[in-house]
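Reader: I would like to work through this model with someone who can say how each term is defined. Could we take it in questions and answers?

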Amino acid sequence: MLLRSSTLLVVAALFAAACSSSEPSTTTTSPTTTTAATETTTTTTSAGTTPTTAVAAIEVADTLNGLPGEPGTEDRRALAVKVDNHPSARPQSGIQEADSVYEVLVEAGLTRFIALFHQSDSTFVGPVRSARPTDSKLIRPLGGPLQISGGQDWILAIYRNDGTPIIGDTGATTYRMSHRAAPHNLYASTEAIRQAADGRGMDDDPPPPLFLFGDEPTPPNDFASKITFDWSDQPDVVWRYDGDQYRRFYGTRPHHWVDSDFNEGQIAFDTIVVLMGRKFTASGSSGSSVPATETTGTGEALVFTNGGVITGQWSRPEITDTFELTTADGSPIVLEPGRLWIAVFPDNRTVSW
C-alpha cells in the first residue's frame, strides 16, 4: 500500500489479504523488550473435561512508553540526546537502550535521531550532534533537557523562546572517542546528563506518556509486515516485522547499533508511529537555513503494530501538548506499551507497505 501526502488510501480486502505474506527476517541479534505481551493459557476444570482460557492483562505503567521501569525510575525526568545519522556515524550507540526515538529530516536528505530516556539509561549514546528547530518543539512537552553538541545562535534562541532546556558539549556530560573522526565521535552518558540537570536546578518531574496507552489496544485495519520510507533521494529506510519487533534496514542492508564493548545488533522497536507534517525551511538572521517540519495542528498518522497498520490523524494544538492520535472516525488510538520509533515525516513524501 502507498500513502501519499494528502490522501489516506482505502485498501480493498483482497489487497489486504495479498499483503499478509510473511517477510524474511534477519538473524542479527536485537535488544530484548519488556513489553507485557498478552499470553493465553489453557487449564482444565476439576472434572477434567472443559478447557478454560485465561488471558494475562497488559501492564500499563505511568511512563513515557507505557512500559514499567525499575523502582524510582518512573518518577524522574525524561531526557533526550540528539544522535547523528550520517553514514559515517553508523552504527550508532545507545539507540538499543532508549525508551523511544524520534527521527527527523535534516539537511542533504539525511535524518537525525532524538533518543529519549525516562526509565532507562545509557553510558554510551551517540554520536551526538547539533540542535535543529523541529527538535525543540518535539521535546518541549516532556519537560526534560536535550543533550546537543551545539547549535547556531538563532536556533538556540528558538529553544529559549520555547522554554526547552538544553545541555551543550561542555565536557561534563560528553566525551570523544578515538575510533571515529570528528564530528562523528562525540558521545554522551545519560547518567552524567541527569547529574548536570540536577546541578542546574532543572525540573525533575516525570514526563507525560508520549501517546495514549492501554490494556485494550486499537487493532490494526490492514496487514503491514514491510514498511518503506521514501525520506529523500537517500536510500530508502525499510522496517520489517519479524513476528515480534520491527527491524530497521537501509534498502536490504540491516541498520546496526554498537555498544561500548563493540558488540553489534540490529535496530529493532516494538511499534512504529508516523506523524506526517508540512516540510518548510527555517531561517535565521545570519542568512543560514535548515529544513524543519510542522508538528502542531493536525496531520495524517500511521501506527504500525503487531504486523499491521492503523491509519488515522494526529493533532496537537500547542508545543506544550503531547500528540493525540485518532482513527478515521475520530476514535482515540490506544497503543500497546512498548518501545516506540516515531518518524516525523514530510507530507510531500511517501510511506508504502
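This is a predicted model: local features need pLDDT of at least 70, side-chain atom pairs count only at pLDDT 80 or more; totals for chains, interfaces and linings use all residues.

Author: Residues are numbered from 1 along each chain as its sequence is written, and side-chain values use heavy atoms, with hydrogens and water left out.

Reader: How many helices and strands does the protein chain have?

Author: Helices (H or I, at least four residues) and strands (E, at least two) are DSSP runs, numbered from the N terminus. Counted in this way, the secondary structure of the protein chain consists of four helices and 26 strands.

Reader: What percentage of the 353 residues is buried?

Author: Buried means under 20% relative accessible area, exposed over 50%, and partly exposed in between, with a 1.4 Å probe and protein chains only. The accessible surface of the protein chain, from the Shrake-Rupley method with a 1.4 Å probe, comes to about 15100 Å², and 49% of this belongs to carbon and sulfur atoms. Of the 353 residues in the protein chain, the buried share is 53%.

Reader: Among contacts with a separation of 6 or more, what percentage joins residues 24 or more positions apart?

Author: A contact here means heavy atoms within 4.5 Å. Among the contacts of the protein chain with a separation of 6 or more, the share from residues 24 or more positions apart is 66%.

Reader: Which kind of aromatic pair do W231 and F345 form?

Author: Rings of Phe, Tyr and Trp (its six-membered ring) pair if their centres lie within 6.5 Å, and planes under 30 degrees apart count as stacked, over 60 as edge-to-face and the rest as tilted. By this rule there are eleven aromatic pairs. W231 and F345, with 4.8 Å centre to centre and 65 degrees between the planes, form a pair that is edge-to-face. This pair links distant parts of the chain, 114 residues apart, with W231 in the loop between β12 (226-230) and β13 (237-241) and F345 in strand β25 (residues 340-346).

Reader: Why is the pair of W239 and W341 tilted?

Author: The ring centres of W239 and W341 are 5.2 Å apart and the planes stand at 55 degrees, so the pair counts as tilted. W239 in strand β13 and W341 in strand β25 are 102 residues apart. W239 is buried at 1% relative accessibility, and W341 is buried with a relative accessible area of 0%.

Reader: Over which ring does the charged end of R316 sit?

Author: A charge sits over a ring if NZ of Lys or CZ of Arg is within 6 Å of the ring centre and within 35 degrees of the ring normal. One such case is R90, which lies over the face of Y250 at 4.1 Å from the ring centre. For R316, at 4.5 Å from the centre, the ring is that of F323.

Reader: How many bridges join strand β22 to β23?

Author: Two strands pair if DSSP finds at least two bridges between them. Strand β23 (residues 308-316) has seven of its nine residues buried, and it pairs in the antiparallel sense with strand β24 (residues 324-327) over four bridges. β22 and β23 form a hairpin with two residues between them, where N306 in the turn has a positive phi of about 50 degrees. Strand β22 (residues 297-305) and β23 run antiparallel, and the number of bridges joining them is nine.

Reader: Which residue follows helix α3 with a positive phi?

Author: In helix α3 (residues 153-162), the buried residues are W154, I155, L156, I158, Y159 and D162. Their cover includes α2 (133-139), β7 (146-147), β8 (166-167), β20 (279-283) and β21 (289-293). The residue that follows α3, with a positive phi near 80 degrees, is G163.
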